[in-house]
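Here is my note on the model below. Please read it with the structure open.

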Amino acid sequence: MGKPGATRAAFVAGAMLLAACARGGAPTTAAPQPSAAPIARTLPNDLRWFRTSAEYRALARQAYRVAEERLPELSRNLPSGSWGVILDADETVLDNSEYQRRRFVLDSGFTEASWSAWVNERAAPVVPGALELTRRVHALGGRVVIVTNRADAVCDATRANLRSDGIETDLVLCQPPGEGDKNPRFQRVQNGTAAPGVGRLTIVAWFGDNILDFPGMSQASRNDPTALAEFGRRYFILPNPMYGSWTQNRDL
């Protein structure tokens, strides 16, 4: 048995065909209507600047190049293997702007599930200048330590992503449950209790995209020139207009 209404539809169609032939013309059908084209969404300026601008790439390389020039002085008279640098991961070594772009296209913000899926892709490219900096550290006899607030559950994927980008690390410390503050991990790296087989390290430089990536610093430091004095000397910051602790600041 056919679909309900099929016989009546056939009868009506046949009658229309006969009428058209009687007039000497061919049966006509309505032209298909084009489907509405999807509306293209322009990326917000912060994300577009990060992903496409020459300025972002120049600033990132500038920060790392200044640090490279400072390293010989900062590590002078320190035995090989006794010193190192600490770097944040996201937007300092690993570029996650593709994750940000995908979430914007979906008209959706950050979620733990989507972030975990992105990290497990191990697809974040390296931030300009970071690879050269880590190679310079090792060439001078230092160690490369990553201290990130990525959860321990995705630490193996993070290490794999770093390796795929050519970043050789001596230690990667992710966030233990409930330890969003990086300062205790900074201390463990320096006193030799961060991981078995890694002794005390004199940290000569820190790198990050968030003021909280630097020891003892916070957004309150923005009005304290003394607190900011180490930037360009031992502290080196990368630009990130997409997110960070600064978003909690009140407008002036």
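1. The structure holds 12 salt bridges. The term covers a side-chain nitrogen of Lys or Arg within 4 Å of a carboxyl oxygen of Asp or Glu. This is a predicted model: local features need pLDDT of at least 70, side-chain atom pairs count only at pLDDT 80 or more, and totals for chains, interfaces and linings use all residues. Residues are numbered from 1 along each chain as its sequence is written, and side-chain values use heavy atoms, without hydrogens and water.

2. Lys182 pairs with Asp213, with the closest N and O atoms 2.7 Å apart. Lys182 lies in the loop between strand S3 (171-175) and helix H8 (183-191), and Asp213 in the loop between strand S4 (202-208) and strand S5 (235-237), so the pair ties together parts that are 31 residues apart in sequence. Helices (H or I, at least four residues) and strands (E, at least two) are DSSP runs, numbered from the N terminus. Both Lys182 and Asp213 are buried (under 20% relative accessible area; exposed is over 50%, partly exposed in between; 1.4 Å probe, protein chains only).

3. Glu121 and Arg102 form a salt bridge at 2.6 Å, N to O. Glu121 lies in helix H5 and Arg102 in helix H4, so this pair links parts 19 residues apart in sequence. Glu121 is partly exposed at 42% relative accessibility, and Arg102 is partly exposed at 31%.

4. Glu73 and Arg70 also form a salt bridge, at 2.9 Å, N to O. They sit three residues apart in helix H3 (residues 54-74), so about one helical turn separates them.
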